[in-house]
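Hi,

Here is the model I promised to pass on to you. Have a look at it first, and then read on for my notes.

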Amino acid sequence: MKTSPFRAVFNRPSTAMEKYLLAIIIGYIVIVALKNPLFFSVETLFDMLRSGSGVMILAIGVLIVLVSGGIDVSFTAIAVVSGYTSVKLMLALGIDNILFAFVVSIVVGCLLGAINALIIYRFNLPTLIVTLGTASAYHGLMATVLGTKSFPTAAMPQSLVNFGSTDLIVINSDTGRYGLTVFLPIVIAVLVLTWFILYRTMLGRQVFAVGSNEESASRLGINIFRTKLFVYAYSGALSGLMGIIYFSELKYVNPVSLVGTELMIIAAVVIGGAKLTGGEGTILGTILGIVVVQLFQSTLVFLGLGSSWNDLFFGAVLLISLGVMYYRQRIQDRKNLVFATA
Amino acid sequence: MGNPILIAENLSISFGGVTALDTINLSIGEGEILCLAGENGSGKSTFVKIVSGVYAPSAGSVAIDGSRVDSQGPRAAISAGVQVIYQDLSLFDHLSVAENIAMNRMMHDGSRLVKRSRMRAIAAEQLARVGVELPLDDRVSTLSVANKQLVAIARALSMDARILFMDEPTTALTTNEVKRLLKIVLELKSRGLSIVFISHKLDEVFAIADRIIIFRDGHKMGDFTAAELDEESLSFHMTGRTVSYARYHRQIDDETPLLQVQGLGRTGNYQDVSFDLRKGDILGLTGLLGAGRTELALSLFGLNTPDSGRILIGGQPVSIRSPLQAMEHGIALVPEDRKTQGLFGAQSIRNNVSSNVIDSLLGRSRLIDRKAEQSLAVATVHEMNVNNKNIDTLVQNLSGGNQQKVVIGKWIARHPTIFILDSPTVGIDIGSKQEIYDRIHTLAASGIGVIVISDEPEEIIANCNRVLVMHEGTVLDRFEEADLRAPEFKDRLATIISDPEAHVKHATAALTTINTGDQR
């Protein structure tokens with residue numbers, strides 16, 4: 001039997017959602033490129049990689065939570081709180097070191113995520129409710145203790161500014177100077193690490209098992225608390241990582257931004273094929289979902305459309321792609337006389 | 001009985017002041033098949049959960065090979081060799097067959113990393129022990145219930161199990177699948193595995209049991225070798241009363257059909273099905289799962305539009321395209337799967353009963369008349385003899401038998417003229433079964449036309465006055481009341497249901513002899 005190139009690389013057949021998204025992305029790129037040849041350039045690509053890095057990292061955290069059967073809406077708050085805490089600490093201690101920034105932010109994010117897990121497990125509460133609550137609580141705590149003063153480029157730790165300007169490859173063209181961001185290897189490392197954890201470790205498989213059927217998982221002796229602790233702490237750590245990348249990229253530290261974009265990111269992961277009911281979701285799908293979002297966000301200008309079209313496009317893709325998927329499933333079920341999904 | 005492997009001594013447990021098990025003493029021998037019998041709520045499942053470490057007993061102990069396993073959590077019980085196949089199978093639908101089977105073993109080995117090759121090797125080895133082949137990479141959600149059962153068995157075996165508990169493993173299986181399962185169970189026994197088998201189906205119990213222990217209301221009522229009991233005495237010990245299924249005889253003198261099905265067909269489901277249903281008929285629709293019985297019932301209820309033939313109600317041809325239309329024609333359907341299709345589990349008995357007749361409960365300002373709703377619900381729980389008379393109880397907290405009584409009760413509230421019951425007593429204990437049968441008989445005697453779908457010969461014999469045997473979508477044979485009264489009919493029907501192919505050959509042979517003019 002001939003194996004498809006996809007199968008050879010990913011060791012599994014592609015999901016229907018991945019195929020849809022790929023078709024949408026290619027179709028859209030062709031349209032934009034025809035309309036405006038300027039779009040088809042290395043600088044556009046580099047630009048999108050830079051602005052998409054932070055969101056991609058957050059999306060991976062969202063994916064792992066969705067796979068475990070939960071929904072986390074506190075990850076943007078965690079990103080801002082951890083990043084801001086780290087910046088404040090650097091300014092207070094006078095340590096202007098990017099590594100220090102990352103370590104502090106990741107540790108804080110990890111802790112906040114662990115608190116989410118603790119509350120969810122202890123009180124057996126719906127994850128959405130808990131993270132809605134903690135998102136406000138974390139952000140509110142930060143605002144009362146650390147304040148919400150923003151720092152412009154000149155006032156923020158210079159190591160962050162420098163890190164955000166670091167490029168791996170620089171291309172000089174007549175329109176200016178463009179670089180491949182240093183965020184890219186970090187994103188790739190996160191993707192590879194997450195793939196390895198989810199697919200090659202027992203812990204990762206247990207995340208899928210818990211998301212698939214929590215009762216069955218506990219009967220098998222899977223430690224539900226440990227699994228959830230990992231899921232939320234890992235998602236928290238990724239948020240912490242993103243917090244620093246976010247401030248570095250903008251070269252501006254504003255602790256009241258980012259919060260409010262979480263539903264958009266969850267929607268992108270869902271477009272990528274992750275199910276809100278748990279047990280399902282792929283890294284490739286998540287990447288494609290984020291690419292769709294980023295593509296709309298950064299290319300509508302090439303079509304001569306205002307940014308308000310972005311929401312319309314994204315919403316349409318979400319509704320149409322999921323609508324088609326579920327409608328096909330429904331037709332299939334009706335044909336097989338399946339009327340209820342247990 | 002071989003050397004005892006498991007010994008339970010003075011085991012008691014209570015939940016919120018209610019004693020679920022009271023000083024149970026029992027032992028299970030090596031290579032023995034022990035059947036735990038008892039009605040719903042008798043304490044069988046609670047016993048299993050104590051042995052498997054899910055519940056800690058309030059008093060007493062469970063020891064395996066002399067060392068205590070109670071109160072130490074599931075992993076300790078698993079290490080000691082206890083494996084449980086729960087009724088819901090506890091599989092992971094989103095994971096592959098291989099992973100479902102191998103996960104238990106790999107967790108137990110303490111592996112941190114997952115190797116696909118090792119996972120597949122474990123799975124292939126265990127499936128070979130069960131003696132079946134399944135696609136290792138397919139998702140478990142795509143398998144039939146019978147194959148899921150085999151995956152669960154293979155997973156249990158992967159742990160060098162010493163005692164395998166099987167909680168109602170056959171409820172969702174067809175007759176032939178049950179046979180295959182029982183054969184596998186006997187093979188496992190011959191390799192020294194002890195098996196504790198829990199089932200409501202007494203014929204299965206007698207087919208494999210070495211010993212039968214009976215629970216009633218949390219007490220152990222007896223400990224017998226299988227030879228000491230028969231179905232009647234076992235039923236008596238389980239319920240504390242004599243259970244006998246009265247047979248139904250139609251006594252209505254009206255031959256006009258309520259429902260006529262003429263040459264009805266649906267491509268891929270069933271073809272050329274014809275029958276009449278008169279007032280007071282209980283028509284048995286039998287045959288193996290996949291014979292087209294349920295598909296036909298769904299067509300009558302507007303959920304599976306037929307593409308040939310016609311349906312007449314009261315002599316008028318009708319087109320039934322939705323359940324609402326079916327209900328307007330006076331048809332009611334108790335579906336095969338009561339949990340997902342028959343009930344609103346998270347709603348009260350009150351809301352479930354009124355859900356079908358909400359139109360008739362509206363008061364003057366188009367709001368629901370709560371008093372009328374309440375009296376309807378109260379009347380229904382009494383009429384159906386639901387054990388919990390509190391109408392605000394959530395339906396999901398009732399036992400299977402009582403849930404089914406609510407389903408039937410809510411349809412009776414609509415006063416249907418044609419009542420279809422698909423597998424009405426699957427997973428229901430014998431006490432409730434008898435009550436449900438009585439109820440069906442009363443309904444038919446009052447002039448309703450009833451269709452009962454079942455693959456249990458006993459159920460067909462007790463309830464029906466006409467029988468249609470289906471096989472691969474066609475009507476294989478039909479029997480009238482006179483046939484059903486013949487003394488050996490039950491065995492004959494059982495043979496036809498379990499081996500329809502032989503019956504086809506037999507019938508074809510008979511037809512050939514007629515055609516060749518041989519009058520015998």
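This is a predicted model: local features need pLDDT of at least 70, side-chain atom pairs count only at pLDDT 80 or more; totals for chains, interfaces and linings use all residues.

Chain A contains 14 helices and two strands, while chain B has 19 helices and 20 strands.

Chain A has 342 residues, for which a compact globule would have a radius of gyration near 20 Å; the value for chain A is 21 Å, so the two agree. Its C-alpha trace spans about 65 × 55 × 40 Å along the principal axes of chain A. Of the residues in chain A, 42% count as buried. If you take the contacts in chain A with a separation of 6 or more, 76% of them are between residues 24 or more positions apart.

For chain B, with 520 residues, the expectation for a compact globule is near 24 Å, and the radius of gyration of 25 Å agrees with that. The C-alpha trace of chain B spans about 70 × 70 × 50 Å along its principal axes. Here 46% of the 520 residues count as buried. Among the contacts in chain B between residues at least 6 apart in sequence, 68% join residues at least 24 apart.

Chain B has a hairpin made of β1(B) and β2(B), with two residues between the strands. Strand β1 (residues 4-15) and strand β2 (residues 18-29) of chain B run antiparallel and are paired over eight bridges. If you want a place to look, L6(B) stands opposite I28(B) in β2(B). G16(B), in this hairpin, takes a positive phi near 50°.

**Two open sheets in chain B**

One open sheet has six strands in the order β6-β7-β8-β3-β9-β10 (chain B), with mixed pairing. β6 (82-85) and β10 (219-225) of chain B are its edge strands, and each of them pairs on one side only. Neighbouring strands of this sheet are turned by 20° against each other on average, direction ignored. β9(B) and β10(B) are antiparallel and joined by six bridges, and I214(B) stands opposite G222(B) in β10(B). Helix α6 (residues 175-190) of chain B packs on this sheet, where it touches β3, β7 (163-167) and β8 (194-198) of chain B. The direction of α6(B) makes about 150° with that of β8(B).

There is also an open sheet of six strands with the order β16-β17-β18-β13-β19-β20 (chain B), and its pairing is mixed. Which strands stand at the edges here? They are β16 (331-334) and β20 (474-479) of chain B; each has a single partner strand, so one side of each has no neighbour in the sheet. The twist from one strand to the next averages 20°. β16(B) pairs with strand β17 (residues 418-422) of chain B in the parallel sense, over four bridges. In that pair, I418(B) of β17(B) is the bridge partner of I331(B).

**A helix with a buried face**

In helix α8 (residues 231-239) of chain B, the residues L234(B), S235(B) and M238(B) are buried. Seen down the axis of α8(B), the buried residues fall within an arc of 100°, so they line one face of the helix. What do the buried residues of α8(B) pack against? Their partners are β3 (33-37), α7 (202-208), β9 (211-216) and α15 (430-445) of chain B. Both β3(B) and β9(B) are strands of the sheet with the order β6-β7-β8-β3-β9-β10. After α8(B) comes G240(B), with a positive phi near 80°.

**Where the chains meet**

Contacts between the chains involve 25 residues of chain B and 19 residues of chain A. On the side of chain B that touches chain A, α2 (73-79), α3 (97-108), α9 (293-300) and α11 (338-342) each supply at least two residues. The largest share, five residues, comes from α3(B). By type, the residues on this side of chain B divide into 13 nonpolar, seven polar and five charged.

Enjoy looking through it!

Best wishes

Conventions. Residues are numbered from 1 along each chain as its sequence is written. Chains are lettered from A and ligands numbered from 1 in the order in which they are written. Two residues are in contact if their C-beta atoms, placed from the backbone, lie within 7 Å. Ala, Val, Leu, Ile, Met, Phe, Trp, Tyr, Cys and Pro count as nonpolar, Asp, Glu, Lys and Arg as charged, and the others, Gly among them, as polar. Two strands pair if DSSP finds at least two bridges between them. Axes are lines fitted to C-alpha atoms, for helices over the stretch in contact, and angles run from 0 to 180 degrees between N-to-C directions. A residue is buried if 20 or more other C-beta atoms lie within 10 Å of its own, exposed if 12 or fewer, and partly exposed in between; C-beta atoms are placed from the backbone. The arc is that of the directions from the helix axis to the C-beta atoms. The radius of gyration is taken over C-alpha atoms; the globule rule is 2.2 Å times the number of residues to the power 0.38.
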